[in-house]
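Trainee: I've just opened this one for the first time. Can you walk me through it?
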Amino acid sequence: MPTSRRTLAAAVVVALVLPLSACGSGGDDGGSADASGKIEGDITFQTWNLRANFKSYFDSLIAGFEKQHPGTHVKWIDQPAEGYADKISADAAGGTLPDVVNVSPDLVAPLAKAGLALDLDKSAAKYRKEYLAGAWAGHRIPGMTGTYAFPWYLNTGPLFYNKSLFEKAGLDPDQPPRTYDDLFADALRMAKKSDGKVATLANVPTVEDFGRYGVELMNKQGTAFTFNDAKGVQLLTEYKELYDAKALDPQALTATPESSGKKFLTQAVAMNPGSALDLGNFKKQAPGLYKNIGITDQITSTGHVNMYVMGVMVNSRTKHTPAAVAFAHYVTDARNQMSFAKKVAIFPSTAGSLDDPYFTKEDGSDETRVRIAAAKSLKNAVNYTPVLFSEQMKTALRNEVAKALQGKESPKAALDNAVKACDTLLKQQG
């Protein structure tokens with residue numbers, strides 16, 4: 001179960017490539033797209049590594065649905081995190097895909113292309129207004145019309161910063177950077193003041209960073225990537241300057257979210273993204289850092305922070321479309337999402353839920369402060385990572401970014417090469 005911003009990020013990047021045979025799975029004996037009939041029948045519901053920690057929640061959820069709709073029966077299947085994409089691929093190819101499936105946007109894309117994901121804009125349009133617009137849009141596929149999963153839980157997080165390190169650099173610890181210009185200027189100043197011993201950032205830019213910077217990542221048809229435009233080159237050029245000045249940690253080229261977090265924990269890096277869950281770790285593992293912790297918003301040029309979104313998809317081949325759609329909606333409705341959000345550090349995707357006192361009322365704790373700030377930012381957040389951006393593409397971008405930072409290629413050449421590699425991989429997806 002992904003419970004923090006970083007672990008959720010890791011969980012939703014799995015690339016899924018469906019065999020071409022999936023396009024024909026189920027044949028013409030599949031179900032109807034009409035969800036208006038009687039809610040009845042046996043359906044299967046598959047989740048992604050949730051049984052171990054949330055069995056009682058889902059048992060109660062299913063019992064509630066079956067009581068509300070006599071004549072229905074929901075069989076719950078939970079798959080381990082490892083190999084989840086492969087399992088979905090195998091089920092899709094073999095015609096054994098469950099009726100209702102827990103997916104992330106990148107997992108739903110090939111299923112939608114194969115005709116296996118029900119278009120909710122057609123079959124469940126009446127529910128659309130119940131969800132945040134950005135969350136509902138999270139499972140749309142470039143080049144296709146329609147929405148292919150109900151939005152479920154969301155996650156995002158703030159930027160943490162070390163007030164003590166800011167102060168030592170002659171920066172105001174109560175005025176963290178709020179724009180990219182501020183961030184780059186502060187980072188260069190901190191590196192200079194510390195003779196390169198303290199970096200401000202520990203991560204190279206990812207595709208979502210380009211999105212936050214305001215770069216157009218892909219054309220509207222979903223046929224080509226475009227993050228090598230002038231704005232994309234500008235961002236990578238800025239990072240090259242940070243890298244040369246040691247304002248970007250030298251180990252950033254090989255860093256993982258976990259290793260970057262450790263750098264922040266040991267006060268070798270001044271800023272790091274995180275979630276409310278991190279505060280407990282700071283308090284326990286690094287009390288010196290905890291007493292100097294600053295919390296600020298994600299930096300963005302677009303006015304929209306990045307969010308991660310999970311969804312619940314309905315198999316277009318289900319024999320019980322009304323029941324499957326009703327159950328997928330039930331899992332993701334406001335009441336059940338709110339209940340789930342109080343059990344784990346995630347956020348509901350339903351409109352109005354983030355106005356609940358749980359997400360708005362301060363109680364003096366840092367954990368609540370982070371939760372409130374994240375909830376506020378999620379109201380108009382977007383998922384910057386393109387739905388069609390696979391794990392292989394992320395590797396291709398990261399490799400080219402590394403070459404640019406090391407001076408082996410210009411930022412322009414690096415991004416041109418990254419786009420070329422990603423476009424080639426896109427064509428291979430079919």
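Trainee: Which residue is the bridge partner of N102 in β8?
Mentor: V312 is the partner of N102. Keep in mind that this is a predicted model.

Trainee: How many bridges join β3 to β8, and do they run parallel or antiparallel?
Mentor: Four bridges join them, and the two strands run antiparallel.

Trainee: What order do the strands of the sheet come in?
Mentor: The order is β2-β1-β3-β8-β4-β9. That makes six strands in an open sheet, with mixed pairing.

Trainee: Which strands stand at the edges?
Mentor: β2 and β9, which covers residues 347–348. Each has a single partner strand, so one side of each has no neighbour in the sheet.

Trainee: What holds paired strands together, in general?
Mentor: Strands of a sheet pair through backbone hydrogen bonds, either parallel or antiparallel.

Trainee: Back to β1. How many of its residues are buried?
Mentor: Seven of its eight residues are buried, so β1 is largely enclosed by the rest of the structure.

Trainee: How does β1 pair with β2?
Mentor: In the parallel sense, over eight bridges. β2 spans residues 72–79.

Trainee: How does the chain cross from β1 to β2?
Mentor: Through helix α2, residues 51–68. This β-α-β crossover is right-handed.

Trainee: Where does α2 lie?
Mentor: Across β1, β2 and β4. Helix α2 runs at about 165° to β2.

Trainee: And how many bridges join β1 to β3?
Mentor: Two, and those strands run parallel. Look for Q46, which stands opposite V101 in β3.

Trainee: Switching to helices. How many residues of α4 are buried?
Mentor: Eight of nine, so to speak a mostly covered helix, at residues 105–113. Among the buried ones are P105, D106 and L107.

Trainee: What about α10? How far does it reach?
Mentor: Helix α10 covers residues 230–244 and reaches 21 Å from its first C-alpha to its last. That is close to the 21 Å expected for its 15 residues.

Trainee: Which of its residues are buried?
Mentor: G232, V233, L235, L236, Y239, L242 and Y243. The buried residues of α10 pack against α8, α9, α18 (391–405) and α19 (411–429). Just after α10, K246 has a positive phi of about 65°.

Trainee: New topic, the largest nonpolar core. Which residues touch the most other members?
Mentor: F58, F227 and F327, out of 124 residues in that core. Helix α14, residues 321–331, gives the largest share, with eight residues.

Trainee: What is F327 in contact with?
Mentor: Leaving aside neighbours within four places in sequence, F327 contacts I43, F45, I62, F65, V74 and V100.

Trainee: Which residues does the second core include?
Mentor: F160, L265, L289 and I293 are included. That core is separate and has 11 residues.

Trainee: I also marked T200. Where is it found?
Mentor: In the loop between α8 (180–193) and α9 (207–213).

Trainee: Is T200 buried or exposed?
Mentor: T200 is buried, because its relative accessibility is 1% and the cut-off for buried is under 20%. Beyond its sequence neighbours within four places, T200 has contacts including L183, D186, M190 and A247.

Trainee: Tell me about M190, then. Which helix does it lie in?
Mentor: Helix α8. M190 is buried too, with a relative accessible area of 2%. With neighbours within four places left out, its contacts include L165, F166, V198 and T200. The C-alpha atoms of M190 and K168 are 8.3 Å apart, though 22 residues separate them along the chain.

Trainee: Last one, T206. Where is it found?
Mentor: T206 is in the loop between α8 and α9. T206 counts as partly exposed, at 31% relative accessibility.

Trainee: How far is T206 from T395, C-alpha to C-alpha?
Mentor: 9.8 Å, with the two residues 189 apart along the chain.

How values were computed
Residues numbered from 1 in each chain as written. Predicted model: local features only at pLDDT ≥ 70, side-chain atom pairs only at ≥ 80, totals over all residues. Heavy atoms only, no water. Buried < 20%, exposed > 50% of the residue type's maximum accessible area, 1.4 Å probe, protein only. Contact = heavy atoms within 4.5 Å. Pairing = 2+ DSSP bridges. Right-handed = clockwise from strand over helix to strand, strands pointing away. Core = buried A, V, L, I, M, F, W, Y, C linked by side-chain atoms within 4.5 Å. Expected span 1.5 Å × (residues − 1). Axes fitted to C-alpha atoms, helices over the stretch in contact; angles between N-to-C directions.
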